[in-house]
Amino acid sequence: LLDLMEHSANGRVLVYDPATGRTEVFADGLTFANGVAVSADGDSLFVNETGTYQVHRYSLAPESYGERETVLSALPGFPDNINRMPDGSLWLGIVSPRAKALDSLAGSPTLRKIVSRLPERFRPAPQRYGFVVQIDDDGKVLANLQDPSGAYASPTGATQLPDGRLAISILTE
């Protein structure tokens, strides 16, 4: 929560090579990097950037290794995990809709830090809402499942089971 509130952009993606035992920084400067998935063809890495409401695709191809393209932006909530399915599509959880109070502080980093240190009852609270999205490699939305009642609130991710059903992980209170 503090990372989101402070909008610190200190998130990163690390790459570990088991052959050499080396770890290197693949991407940095991310605002709460939260969820990674490899494309079906193995040429791209998808990364959710929760703090900026975006999904990025990074190239893994040798000729363009590390190049970033934003495939989804201005999401209506905080993207959490992202999972690739056998058909090549990706499911991502939207753990909570955007908070107007948090968005209004976007241009005021100092004020965001102050608010993040207030007692919990004074900070913006996540809204109980269920929301998962299926996308293709280009960010085209294939399915959009929502539960505004909050009965299945705070989904962190989704994965399709072999029988076609969808398993959705959620935060519990």
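This is a predicted model: local features need pLDDT of at least 70, side-chain atom pairs count only at pLDDT 80 or more; totals for chains, interfaces and linings use all residues.
**Entry 1: the whole chain**

I read off the secondary structure and got three helices and 12 strands. I then took the box filled by the C-alpha atoms along the principal axes, which is roughly 45 × 40 × 25 Å. For the radius of gyration I found 17 Å; a compact globule of 173 residues would have a value near 16 Å, so the chain agrees with that expectation. I looked up burial next, and buried residues make up 42% of the 173 residues. I also checked contacts between residues at least 6 apart in sequence, and 41% of them join residues at least 24 apart.

**Entry 2: β1 and β2**

I went to strand β1, residues 11-17, and strand β2, residues 22-30, which pair in the antiparallel sense over seven bridges. I picked R12 and looked for its bridge partner in β2, which is D28.

I traced an open sheet of four strands in the order β3-β4-β5-β6, and the pairing is antiparallel. Which strands stand at the edges of it? I found β3 (33-38) and β6 (68-72) there; each has a single partner strand, so one side of each is left without a neighbour in the sheet. Neighbouring strands here are turned by 25 degrees against each other on average, direction ignored.

Within this sheet I looked at β4, residues 44-49, and β5, residues 54-59, which run antiparallel and are joined by six bridges. I followed N48 across to β5 and found V55 as its bridge partner.

**Entry 3: the sheet from β7 to β10**

I traced another open sheet of four strands, with the order β7-β8-β9-β10 and antiparallel pairing. Its edge strands are β7 and β10 (141-147), each pairing on one side only. On average, neighbouring strands of this sheet are turned by 20 degrees against each other, direction ignored.

I took the β7 and β8 pair next. Strand β7, residues 77-84, runs antiparallel to β8, and five bridges join them. I found G77 opposite P97 in β8. The two strands form a hairpin with five residues between them, and G88 in the turn has a positive phi of about 95 degrees.

On the β9 side, I counted four bridges between β8 and strand β9, residues 130-135, again in the antiparallel sense. I found L90 opposite I135 in β9.

**Entry 4: burial of β8**

Why is strand β8 described as largely enclosed by the rest of the structure? I checked residues 90-97 and found eight of the eight buried, so the strand is largely enclosed. I used the cut-off of under 20% relative accessible area for buried.

Key
Residues are numbered from 1 along each chain as its sequence is written. Side-chain values use heavy atoms; hydrogens and water are left out. Two strands pair if DSSP finds at least two bridges between them. Buried means under 20% relative accessible area, exposed over 50%, partly exposed in between (1.4 Å probe, protein chains only). Axes are lines fitted to C-alpha atoms, for helices over the stretch in contact, and angles run from 0 to 180 degrees between N-to-C directions. The radius of gyration is taken over C-alpha atoms; the globule rule is 2.2 Å times the number of residues to the power 0.38. Contact means heavy atoms within 4.5 Å.
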